[in-house]
Amino acid sequence: MKKTSRRVVIAGNWKMNMTPSAAKAAIEATAALVKGKDGCDVVLCVPFIDVATAVEAARGTNVKIGAQNVHFEKKGAFTGEISADMLTEAGVEYVIVGHSERRQYFGETDETVNKRTRAGLDAGLKVIMCLGEVLAERQAGITEEIVSMQTKLDLAGIPEEQLKNLIIAYEPVWAIGTGLTATPDQAEEVCCLIRKVVAGLYSEAAAEALTIQYGGSMNDGNAAELLAKVDVDGGLIGGASLVPEKFAKIVDAAQA
Ligand code: PEP
């Protein structure tokens with residue numbers, strides 16, 4: 001399958017930014033700028049408190065709304081958590097799982113990433129599953145081992161037919177929020193590696209159909225050359241997604 005046959009997904013991760021009123025304004029501005037840009041899926045992953053406002057503001061536009069985490073249990077005594085059913089009923093279509101900030105600050109492990117991914121997929125959400133090496137691992141020359149291991153552990157037990165709703169985001173931790181971007185060749189090398197691991201776990205066809213994003217200081221200045229790489233099928237964008245004009249330019253770069 002050629003890259004052009006895979007769905008390109010440009011997703012913003014707002015992290016802990018934007019009150020509901022700010023979210024409404026940002027979504028309306030983004031939607032106006034990306035109107036008719038149907039060469040990729042456009043997603044904004046918002047804080048839980050913004051979901052209702054965001055879904056309403058995005059209605060009738062080509063902006064889809066995502067959340068930034070999901071719990072793996074369906075319901076119960078899990079104070080502060082949000083279930084997949086709560087998200088789908090609220091109109092959320094995508095969810096980020098395993099972001100490096102969740103792994104770094106909130107004790108997320110490959111086991112919990114896998115459980116959250118499975119819960120999201122079972123509920124019909126499109127899951128953006130993040131993985132990537134930290135700086136010390138890259139410097140030690142073990143990026144391949146780390147990323148392969150994460151891919152295998154995070155996908156454990158997920159049946160091939162559910163991969164149609166899965167996106168893997170390769171996010172080298174050293175590039176997130178730092179202004180340091182992986183070079184297009186570095187991004188391509190690891191996205192290609194992830195695709196090979198997926199082919200080994202499932203099939204060539206499943207791997208070829210899988211959308212694999214790059215994330216890490218992607219912005220309106222570097223998006224085009226990153227997205228030009230054959231195995232880079234979109235981006236997960238933090239800082240630049242907070243500014244509708246910058247985010248829209250990344251969407252423009254994905255229209256090829
Ligand atoms: C992210 O939050 O996933 C991210 C890639 O952030 P930034 O674009 O700010 O590096």
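## Around the ligand

A residue counts as near a molecule if one of its heavy atoms lies within 4 Å of it. In this predicted model, 14 residues surround the ligand, and the closest are Lys 15, Glu 171, Gly 177, Ser 217 and Gly 238.

Let's look at some oxygen atoms of the ligand. One is 2.9 Å from an N or O atom in the side chain of His 99. A backbone N or O atom of Ser 217 lies 2.7 Å from a ligand oxygen. The protein covers 95% of the 290 Å² of accessible area that the ligand has on its own (Shrake-Rupley method, 1.4 Å probe).

## Rings and charges

The structure holds two aromatic pairs (ring centres of Phe, Tyr or the six-membered ring of Trp within 6.5 Å; planes under 30 degrees apart are stacked, over 60 edge-to-face, the rest tilted). One of them joins Tyr 105 and Phe 106 edge-to-face, at 6.4 Å centre to centre and 85° between the planes.

Arg 102 lies over the face of Phe 106, 4.1 Å from the ring centre (CZ of Arg or NZ of Lys within 6 Å of the centre and within 35 degrees of the ring normal). Likewise, Lys 115 lies over the face of Phe 72, at 4.3 Å.

## A look at Gln 150

Gln 150 sits in helix H7, residues 143-154 (a DSSP run of H or I, at least four residues, numbered from the N terminus). Beyond its neighbours within four places in sequence, Gln 150 is in contact (heavy atoms within 4.5 Å) with Arg 103, Asp 110, Leu 131 and Gly 132.

## Reading notes

Residues are numbered from 1 along each chain as its sequence is written. Local features need pLDDT of at least 70, side-chain atom pairs count only at pLDDT 80 or more, totals for chains, interfaces and linings use all residues, and side-chain values use heavy atoms, leaving out hydrogens and water.

Note on methods
Helices (H or I, at least four residues) and strands (E, at least two) are DSSP runs, numbered from the N terminus. A polar contact is a pair of N or O atoms within 3.5 Å; within protein, one must be able to donate a hydrogen and the other to accept it, and residues adjacent in sequence count only if both atoms are side-chain atoms.
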